[in-house]
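Have the sequence and the 3D view side by side for this one.

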Amino acid sequence: REKSLSSLGIVYTSGSGDTQFERALTLKNLDINVLMICDSDETKTRKDSKSEINTRDNIKRRKKDCLEESIEMIAWEDDNALEDQIFKDINWEDIIELLKSVGKPRYLKTQNLKNDEEDRKKIASYSISERLFKRIDKGEIMGKIIFQNIDKLPNDRYFKQQFLKLENWVE
């Protein structure tokens with residue numbers, strides 16, 4: 001029988017922007033073991049370039065503050081959002097299954113998309129803009145599909161490396 005994170009004494013808490021960093025630092029100061037999972041797309045939602053640069057710099061500085069306090073961190077490469085990283089790294093068959101799971105099986109054909117880096121980016125952007133996996137039930141479906149097939153991913157895929165980091169932290 002699988003154990004839940006809460007049965008292992010692990011509690012998750014939500015935060016966005018600066019609140020995630022403040023919350024992590026506060027918990028660490030209370031001598032609580034902390035691991036942050038950072039969605040790195042904060043800057044992609046900013047409209048003007050000046051605030052985007054300031055936001056990006058602030059996030060990098062805050063991440064550095066947390067790392068200096070020995071807070072474990074999972075963050076996606078290249079300022080990716082979770083969806084960017086997933087669609088970059090998972091197997092093509094899983095991408096097809098994910099799109100089917102949210103009622104978009106024809107999207108690949110109508111857009112004439114194929115299994116290459118550029119089209120994977122298009123799929124990720126589409127999933128973000130359409131909020132395909134933002135509902136809890138759709139996010140759970142995404143997680144189920146990905147984690148059923150995580151062992152099929154090569155170990156050099158960044159998403160798998162971060163998943164293994166999380167798994168090791170939990171243990």
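This is a predicted model: local features need pLDDT of at least 70, side-chain atom pairs count only at pLDDT 80 or more; totals for chains, interfaces and linings use all residues.

Start with Y126: its relative accessibility is 16%, so Y126 counts as buried (buried means under 20% relative accessible area, exposed over 50%, and partly exposed in between, using a 1.4 Å probe and protein chains only). Residues are numbered from 1 along each chain as its sequence is written, and side-chain values use heavy atoms, with hydrogens and water left out.

Now for the rings. The structure has five aromatic pairs; rings of Phe, Tyr and Trp (its six-membered ring) pair if their centres lie within 6.5 Å, and planes under 30 degrees apart count as stacked, over 60 as edge-to-face and the rest as tilted. Take F87 and F133: their ring centres are 6.2 Å apart and their planes sit at 45°, so this pair is tilted. F87 belongs to helix α3 (residues 82-89) while F133 is in the loop between α6 (117-129) and α7 (136-148), so the pair ties together parts that are 46 residues apart in sequence. Helices here are DSSP runs (H or I, at least four residues), numbered from the N terminus. Both F87 and F133 are buried.

Y126 has a ring partner too: Y107 and Y126 form a stacked pair, with 3.8 Å centre to centre and 10° between the planes. This pair links distant parts of the chain, with Y107 in helix α5 (residues 107-110) and Y126 in helix α6, 19 residues apart. Y107 is buried as well, at a relative accessible area of 13%. Elsewhere, ring pairs join W76, F147, F159 and F163 into a cluster.

Which residues have the most contacts inside the largest nonpolar core? They are F87, L98 and I123, in a core of 26 residues. A nonpolar core is a set of buried Ala, Val, Leu, Ile, Met, Phe, Trp, Tyr and Cys residues joined through side-chain atoms within 4.5 Å. Helices α3, α4 (92-101), α5, α6, α7 and α8 (158-170) each supply at least two residues of this core, and the largest share, four residues, comes from α4. Leaving aside neighbours within four places in sequence, L98 is in contact (heavy atoms within 4.5 Å) with I86, F87, I90, F133, M142 and I145.

Back to α3, which is mostly covered: six of its eight residues are buried. Those buried residues pack against α4, α6, α7 and α8. One of them is D89, and D89 has no salt bridge (a side-chain nitrogen of Lys or Arg within 4 Å of a carboxyl oxygen of Asp or Glu). The nearest side chain of opposite charge to D89 is K88, 5.2 Å away; Lys and Arg count as positive and Asp and Glu as negative, while His and the chain ends are not counted.

Most residues other than glycine have a negative phi. N112 is not a glycine, yet its phi is positive, about 55°. N112 is in the loop between α5 and α6, and at 64% relative accessibility it counts as exposed. R131 also has a positive phi, near 55°. You'll find R131 in the loop between α6 and α7, exposed with a relative accessible area of 55%.
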